[in-house]
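The entries are kept in the order of the look-up.

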Amino acid sequence: MSGLGTIVGVDVGGTFTDLFYFDEATRAFRTAKVPSNRGDEALGFLNGLSTFGALSALHSVVHGTTVGTNALLERKGAKVGLVTTRGFRDVLEMRRRDRRRTWGLTGDFVPVVERDFRVEVDERTLASGEIRTPVDPAEVRAAAELLRDKGAEAIVVVFMNAYANPANEVAALEAIRAVWPNEHLECSSAILPEIREFERTSTAVLNAYLQPVVGSYLARLERALASEDFAGRFHIVQSNGGVMSTETARRLPGRTALSGPAAGVIAAAAIAKAAGFPDVITGDLGGTSFDVSLILGGETALAAQTTIDFGLVIRNPMIEITTIGAGGGSIAHVDAGGLLEVGPESAGSRPGPVCYGAGNDRPTLTDANVVLGRINAARPIGGALERLDVEAAKAAIKAHVADPLGLGVMEAAEAIVRVADSKMAGAIRLMSIERGHDPSRFAAVPFGGGGALHAGALIKDVGLKAALVPRYPGVTSALGCVIANIRHDQVRTLNLSLAGIDAAALDKRMVEEAEATRAVVADARLAVERIDTSFALDMHYVGQTHTLSVPLPVTFDGAGTGISEATIRTAFETAYEAQFGRLLPGVPMRIVNLRTSAIGVRPPFDLASLAPEGGTVEGARTGTREVWFDGAFHTATIYDRLALPVGARIDGPAILEQPDATTVVDPDLAARIDSFGNLIVERKA
């Protein structure tokens with residue numbers, strides 16, 4: 001294990017930049033929350049880091065970013081040129097023939113690569129890997145020059161069946177390199193050497209689409225860090241919940257697509273497991289969105305691919321996260337049919353909610369919480385403002401919601417919150433009930449700047465057994481950056497029949513993949529205790545279309561894995577019967593893909609160190625405030641949450657305030673502080 005040092009996790013959101021500082025030697029920690037600077041994220045990034053002193057004293061910075069996600073959602077990536085096999089120009093447009101809307105004869109999907117920027121060349125690689133038609137370097141160079149002259153900023157080569165033999169793609173890439181003006185060029189076999197032409201094309205294209213955007217963003221941050229004499233390592237959280245080097249992030253920016261939300265899920269899983277809640281549903285409520293993920297048995301769920309927006313498919317392992325447009329900045333409005341809607345449009349960080357006084361006149365979810373008294377107008381989180389403008393928020397709610405619906409201002413504000421609560425509850429049901437899970441087994445883990453405001457509603461609306469609010473909910477994603485392991489995943493299509501498989505050849509391939517993934521982890525040069533390697537196979541019965549992920553019960557000892565046909569057969573049958581309840585005796589089995597993961601296990605973070613030391617309930621009490629619940633004002637007791645001692649019990653109605661978040665305990669709920677400093681919110685006995 002390399003030397004310990006000081007590490008800072010940084011999560012840049014649309015409204016705030018959250019930071020968690022940790023000294024690995026002394027186990028001391030600090031937190032910070034500063035305003036983000038949309039368009040110049042480096043400014044908020046540096047402002048936050050500077051709260052911990054000189055950057056030259058930091059050993060490493062780990063960053064969760066939404067730059068890639070935003071570029072995809074807003075269609076603000078690079079202009080990409082695609083060189084592909086003749087006859088396959090429109091794979092990207094045809095997709096899987098799915099439609100955004102089931103009914104109707106028209107569609108509105110526009111690929112990120114315009115048709116004029118998709119150029120075909122002659123080549124043919126068979127599924128067996130045989131090269132039937134070698135690629136012509138001169139033809140490829142001409143295609144690249146054409147795309148360059150049209151204004152393409154990045155180029156990607158995608159040849160059919162290149163997963164079986166990348167020789168034609170590699171030759172084409174070398175030919176293009178001679179005429180291409182920048183480093184933004186890649187081939188699909190280097191990004192996703194896996195069968196299925198659409199998913200491979202989409203992943204490769206979106207990777208190229210993000211390369212200049214993410215690359216320039218990271219370069220700006222690195223220059224800013226260097227200007228402050230930072231000489232440590234800079235790392236990026238990836239969508240699978242692991243950490244990677246900036247070099248890997250530049251080459252594979254598609255793996256940052258859910259970077260920020262993934263870090264929060266990693267932290268929430270660790271916190272919940274330590275607190276004795278292995279089954280939880282996380283809810284990250286930020287300024288623009290609500291991100292939900294399910295954790296079962298203390299383990300996060302990984303999906304083989306995700307769809308960032310309709311038709312934008314990235315096939316990389318990612319933590320399963322469902323996102324809806326319901327955040328603190330989500331704008332409330334009455335639609336043409338007279339129904340109240342909250343979001344998906346957001347006021348963002350600029351101008352932000354009406355109560356921020358920055359020019360917005362349309363009410364948001366934050367404005368509703370301020371009017372209801374749930375947010376302390378005299379103590380806004382983040383320290384960006386001295387006071388929130390309650391009267392301006394009331395006026396906006398009256399004009400845009402209360403008057404159109406014939407409601408009083410307080411009733412309208414509560415309606416805004418209830419509509420937002422309903423949307424959040426729907427997202428949680430999607431991740432639980434619709435997947436066969438009983439929500440009464442699960443606790444919610446609300447975090448982000450606004451998650452704890454809605455803890456009670458999530459318990460009651462969904463039927464969850466409790467809510468576990470982390471000690472520092474507003475900076476949970478930044479904490480996740482600090483405790484996340486280093487991770488690298490690779491996939492390789494094998495396309496082999498299991499019967500009579502050459503186990504020695506498979507073992508050799510597994511060793512090669514293990515060494516390659518472990519090298520990427522080692523290159524990150526972040527303190528780890530060990531590097532674990534795991535393998536899984538995508539398999540199915542012959543004749544089936546879809547595959548099942550089969551974990552292999554083997555270990556990598558540096559020389560081999562000891563894999564055998566019998567081991568694979570047993571593993572497949574165990575996984576298949578667990579998933580479908582029966583086997584298909586006599587039907588041959590087939591291996592499609594080999595998946596290899598290397599995980600650099602970080603030194604353990606003692607979550608008990610976050611717990612409060614001393615204090616009394618009465619000493620933490622700061623006063624009372626009239627807060628609106630269920631159609632009437634209630635006198636709520638206000639507490640300084642960080643001053644509450646372990647074992648404290650708080651009966652609702654109560655408001656718990658801290659610099660990074662506010663927690664609301666409804667009148668029919670109670671809360672207690674556990675040994676880790678978490679707040680457990682439950683129904684009153």
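The entries below treat cavities, then a strand.

I note that this is a predicted model, in which local features need pLDDT of at least 70, side-chain atom pairs count only at pLDDT 80 or more, and totals for chains, interfaces and linings use all residues. Residues are numbered from 1 along each chain as its sequence is written, and side-chain values use heavy atoms, without hydrogens and water.

**Cavities.** I took a cavity as a set of points, on a 1 Å grid over the protein atoms alone, where a 1.4 Å probe fits but cannot get out; lining residues have an atom within 4 Å of a point. Volume is the space filled by probe spheres set on the points, which are joined across faces, edges and corners. I found 4 cavities of 30 Å³ or more.

**Strand β5.** I found 6 of the 6 residues of β5 (residues 80-85) buried, that is, under 20% relative accessible area. Strands are DSSP runs (E, at least two residues), and two strands pair if DSSP finds at least two bridges between them. β5 pairs in parallel with β9 (residues 154-158) over 5 bridges, where G81 partners I155. β5 also runs parallel to β6 (residues 118-121), joined by 4 bridges, and V83 stands opposite V119 there.

How values were computed: On a 1 Å grid over the protein atoms alone, a cavity is a set of points where a 1.4 Å probe fits but cannot get out, and a pocket is an open set with protein on both sides within 12 Å along at least five of seven lines; lining residues have an atom within 4 Å of a point. Buried means under 20% relative accessible area, exposed over 50%, partly exposed in between (1.4 Å probe, protein chains only).
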